[in-house]
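This report is intended for a reader who meets the structure for the first time. The sequence and the three-dimensional view are shown below.

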Amino acid sequence: MIKLEHVNMSFRGNQILADINLEIAEGETMVIIGPSGSGKSTLLRLMIGLLKPSSGQIWVNGREISGLPEDALNEVRKNMGMVFQYSALFDSMTVGENVAFGLRQHTDKSEQEIADTVEQMLTMVGLAGQQNVMPGELSGGMKKRVSLARAIAINPAIVLYDEPTAGLDPIMSSVIDRLINDTKKMLKVTSVVVTHDMPSAFNVADRIAMIYDGSIIEQGTVDDIRRSDNPIVQQFIHGLLQPDIRERR
Amino acid sequence: MVMMFLEKIGEQVIGGLENAGRIMMLFIQTIGRLNHANFKHVIRQMAHLGVDSLLIVKLTTLFTGMVLTVQTAHEFIKYGAQASVGGVVAIAMGRELSPVLTGVVVAGRVGAAIAAEIGSMKVTEQIDALRVMATNPIAYLVVPRLIACVIMMPLLVVFADVIGTLGGYLVATLYSNISSYTFLNSIKVFAEVSDVTGGLIKSMFFGGIVAIIGCHKGLTAAPGAEGVGKATTGSVVTSMILIFISNYFLSLLLYR
């Protein structure tokens with residue numbers, strides 16, 4: 001479904017990602033963990049074509065996207081949704097208009113059909129009846145849920161989550177985790193979740209890849225990662241102070 | 001020391017040329033996507049960018065027409081040329097003052113608003129959200145604003161011409177003791193249709209400048225509140241400079 005082959009990414013001479021090889025199967029939830037600034041979000045942005053790699057190939061649904069022009073990329077993106085770290089809701093639109101955005105842009109559905117889908121999506125994320133509220137009036141957790149409703153409204157095959165639980169209280173984090181799992185079950189989507197929230201990672205992951213200093217240093221099932229003998233992985237998942245992996249970067 | 005100075009100048013020139021290239025690229029991309037314009041968005045932008053600017057444009061040109069008459073009427077009367085005042089005011093308003101002042105007002109009000117709105121969208125990842133949802137930001141954001149500005153500027157200038165000349169008429173008749181007939185007849189004798197149409201053509205260019213510069217500054221805003229602030233200021237300053245420069249060349253082209 002998604003495949004990265006020897007992907008490198010540099011920004012103004014700084015190597016952000018080095019020789020990334022990763023394969024995410026259809027219907028799988030892959031969680032990418034790693035310290036802040038390790039290149040996790042860059043990896044996610046590469047998968048949806050917001051950034052182009054310096055070298056390497058990225059395959060999405062069997063199509064190599066790293067060299068595609070914007071219009072061709074848009075065809076690939078019509079099958080993808082993304083939940084942004086800070087939600088990125090359109091603040092000049094209501095919640096309902098945000099969720100309806102993709103449907104209005106890319107489908108021939110009638111306004112009634114769109115309204116029904118919006119209602120259904122908002123009900124699914126626990127925000128039924130909030131169509132006319134402006135994003136500025138919502139809490140962080142509610143914004144994340146609207147962002148998820150917007151991402152899945154067009155019925156995508158792939159959903160990308162950028163730090164979906166960052167800045168949320170533990171209960172709201174669990175709500176978001178449950179929504180990620182529900183979305184996977186109900187819509188059969190392939191999910192890629194970038195996070196450094198380990199309880200959340202273990203809750204939603206089929207497989208986990210740890211990225212450190214721009215490289216993937218470990219990948220496997222939740223049990224594989226828990227049992228990893230890599231000291232950096234162990235330190236990260238348990239939040240230990242020693243050894244100081246930041247000093248080694 | 002000299003080398004450092006030259007390097008600094010070189011950097012500035014290269015930076016300026018790069019910027020000009022990016023603005024030109026945005027303009028070309030926008031023109032290439034004009035057929036993707038969403039009618040509803042264009043109408044919304046026309047109301048927002050055009051109709052909402054009407055009051056300030058009318059106020060600016062009313063007082064400009066008034067002060068122009070105060071300054072010219074006294075001198076013209078001294079030389080017995082009061083029969084020329086109406087024509088001079090109408091021609092000055094139509095050819096230069098209305099389009100340029102409307103352009104400056106719109107650059108300050110609309111250009112700043114465009115840069116601030118799009119800049120805020122950029123720093124809060126809303127532009128990325130558009131791209132993720134397979135929506136081209138140029139087609140969605142820039143095209144409606146360019147069309148709205150190019151259509152609304154001449155309409156604003158028509159109002160500016162009328163109100164500016166009316167301001168001149170009021171001062172001429174009520175303050176400078178020039179009869180109503182003399183003022184209006186002077187306009188009829190001296191002013192030509194091309195004085196107005198030339199100004200309208202110029203204003204379309206100015207509208208295009210305001211829209212493209214505002215969008216460019218917004219789309220390239222640096223992260224954070226400071227980035228949005230700089231984009232907004234930059235939009236106003238660059239638009240005004242380009243309006244003044246292009247006005248000179250357009251005047252040469254249209255009136256020689």
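The model is predicted. Chain B contains 9 helices and 0 strands, and its pattern along the sequence reads α-α-α-α-α-α-α-α-α. Further values for chain B are collected in the table.

| Property of chain B | Value |
|---|---|
| Span of the C-alpha trace along its principal axes | about 65 × 55 × 35 Å |
| Residues that count as buried, of 256 residues | 46% |
| Contacts joining residues at least 24 apart, among those between residues at least 6 apart in sequence | 89% |

Within chain B, two helices may be considered as a pair. Helix H4 of chain B covers residues 85–123, and helix H7 of chain B covers residues 180–190. Their axes come within 6 Å and cross at roughly 60 degrees; H4(B) and H7(B) are therefore oblique to each other. The crossing in which H4(B) passes H7(B) is right-handed. On the side of H4(B), the residues that meet H7(B) are Val85(B), Gly86(B), Gly87(B), Ala90(B) and Ile91(B). Their counterparts in H7(B) are Phe183(B), Leu184(B), Ser186(B), Ile187(B), Val189(B) and Phe190(B). By class, the residues of this contact of H4(B) with H7(B) comprise 8 nonpolar, 3 polar and no charged.

Attention now turns to the contact between the two chains. Here 15 residues of chain A are in contact with 11 residues of chain B. On the side of chain A that touches chain B, helix H2 (70–77) and helix H3 (95–106) of chain A each supply at least two residues. Of the elements involved, H3(A) gives the most to that side, with 4 residues. The side of chain A that touches chain B is made up of 8 nonpolar, 4 polar and 3 charged residues.

The last topic is the nonpolar core. Which residues of the largest nonpolar core touch the most other members? Among the 134 residues in this core, they are Met47(A) and Leu160(A). When its neighbours within four places in sequence are left aside, Leu160(A) is in contact with Leu44(A), Met47(A), Ile48(A), Met80(A), Met82(A) and Val192(A).

Terms used
Residues are numbered from 1 along each chain as its sequence is written. Chains are lettered from A and ligands numbered from 1 in the order in which they are written. This is a predicted model: local features need pLDDT of at least 70, side-chain atom pairs count only at pLDDT 80 or more; totals for chains, interfaces and linings use all residues. Axes are lines fitted to C-alpha atoms, for helices over the stretch in contact, and angles run from 0 to 180 degrees between N-to-C directions. Angles under 35 degrees count as roughly parallel, over 145 as roughly antiparallel, 65 to 115 as roughly perpendicular and the rest as oblique. A crossing is left-handed if the near helix is turned anticlockwise from the far one by less than a right angle, and right-handed if clockwise. Two residues are in contact if their C-beta atoms, placed from the backbone, lie within 7 Å. Ala, Val, Leu, Ile, Met, Phe, Trp, Tyr, Cys and Pro count as nonpolar, Asp, Glu, Lys and Arg as charged, and the others, Gly among them, as polar. A nonpolar core is a set of buried Ala, Val, Leu, Ile, Met, Phe, Trp, Tyr and Cys residues joined through C-beta atoms within 7 Å. A residue is buried if 20 or more other C-beta atoms lie within 10 Å of its own, exposed if 12 or fewer, and partly exposed in between; C-beta atoms are placed from the backbone.
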